[in-house]
Amino acid sequence: MLLDWSTPIRNWNYLLGGAVMTLWLTILVFFLSFLLGVILAVCRMNKQVYPLYLISTTYVELIRNTPALVQIFLIYFGLPQFGIHFSPIEAGIIALTVNNSAYMAEIIRAGIQSIHKGQWEASRSIGLTYMQMFRYVIFPQAFKRTFPIAGNQFIMVIFNTSLLAILDVKELTDRALILNGQTFRTLEIFVFVTGIYYVLYFIISTLFNWTNRRWLLNKHETR
């Protein structure tokens, strides 16, 4: 078998554009998922408002236990039956946000639950409201503890953007499929694309680890 690496090398800029699109989608989806995940986590921890607890729990359980690809199909192909139409990229962003927010909710909830109840009691004793306790005392500590896991979830979002190739969103995998259809150099193209995904993983992973060590990890935890 003769390998021809000139095909992916000649189309380096085209694939690099897909990698940039992948990264842009990941950042946007992760940001939206984080916001939604915080809301879901708070609702799941507050049984006093039972309807919100029930809705958030059902949402998280349903989304985490069904395939992301099926959720993409439901949003892009299913909702038009109710007159709700999205472009491929809009549907992709919504679907990945819905999927990722369920995982983020559990990560954040675990971080909040890891805070000792004495922190809540001390905050309450100085007269802070629930929102003030959450904003100024609990959430900052929970954020530090969940940051490394959130980094892993960020990387999972990078990989999940490849599912949007099914909607012809021009991210990295979709561009690889298009190039493969034009040249039929499947092995060379996808080995090349695998390398790009690994480079993305390595850069993001290193960045999260450095940020965690440099800014978030308490000194006494490193000893």
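Biologist: In this predicted model, are Phe30 and Phe154 buried or exposed?

Modeller: The cut-off for calling a residue buried is under 20% relative accessible area. In this predicted model, both Phe30 and Phe154 are classed as buried.

Biologist: What kind of aromatic pair do Phe30 and Phe154 form, judging by the angle between the planes?

Modeller: The centres of the two rings, Phe30 and Phe154, are 5.1 Å apart, with 70° between the planes. Planes over 60 degrees apart fall into one named class, and the pair of Phe30 and Phe154 is therefore edge-to-face.

Biologist: How many residues apart are Phe34 and Phe143, and which helices hold them?

Modeller: Phe34 and Phe143 also form an edge-to-face pair, at 6.2 Å centre to centre and with 85° between the planes. Because Phe34 lies in helix H2 and Phe143 in helix H7, this pair ties together parts of the chain whose separation in sequence is 109 residues.

Biologist: Is Phe143 buried or partly exposed?

Modeller: Residues count as buried under 20% relative accessible area and as exposed over 50%. Phe143 has a relative accessibility of 30%, so the class of Phe143 is partly exposed.

Biologist: Which residues touch the most other members of the largest nonpolar core, and which helix gives the largest share of this core?

Modeller: This core has 34 residues, and those touching the most other members are Met104, Ile108, Ile112 and Val193. At least two residues of the core come from each of H2, H5, H7, H8 and helix H9. The largest share, eleven residues, is supplied by H7.

Biologist: Which residues does Ile108 touch, not counting residues up to four places away in sequence?

Modeller: Ile108 is one of the residues that touch the most other members of the largest nonpolar core. With residues up to four places away left out, the residues touched by Ile108 are Phe34, Gly37, Val38, Ala41, Phe139 and Thr146.

Biologist: Where is Thr161, and which backbone oxygen lies 2.5 Å from a polar atom of its side chain?

Modeller: Thr161 is found in the loop between H7 and helix H8, and with a relative accessibility of 0% this residue counts as buried. Leaving out residues up to four places away in sequence, Thr161 touches Thr22, Leu25, Thr26, Leu96 and Glu171. The backbone oxygen 2.5 Å from a polar atom of the Thr161 side chain belongs to Ile158.

Biologist: Why are Glu106 and Arg109 separated by about one helical turn?

Modeller: The side chains of Glu106 and Arg109 meet in a salt bridge, with 3.0 Å from N to O. An α-helix has 3.6 residues a turn, so residues three or four places apart point the same way. Glu106 and Arg109 are about one helical turn apart because their spacing in helix H5 is three residues.

Biologist: Which residue's ring has the charged end of Arg175 over it?

Modeller: A charge sits over a ring only if it is within 6 Å of the ring centre and within 35 degrees of the ring normal. The charged end of Arg175 sits 5.0 Å from the centre of such a ring, and the ring is that of Tyr14.

Technical notes: Residues numbered from 1 in each chain as written. Predicted model: local features only at pLDDT ≥ 70, side-chain atom pairs only at ≥ 80, totals over all residues. Heavy atoms only, no water. Phe/Tyr/Trp six-rings, centres within 6.5 Å; stacked < 30°, edge-to-face > 60°. Buried < 20%, exposed > 50% of the residue type's maximum accessible area, 1.4 Å probe, protein only. Helix = DSSP H or I, 4+ residues; strand = E, 2+ residues; numbered from the N terminus. Polar contact = N/O pair within 3.5 Å; in protein donor to acceptor, adjacent residues only side chain to side chain. Contact = heavy atoms within 4.5 Å. Core = buried A, V, L, I, M, F, W, Y, C linked by side-chain atoms within 4.5 Å. Salt bridge = Lys/Arg side-chain N within 4 Å of Asp/Glu carboxyl O.
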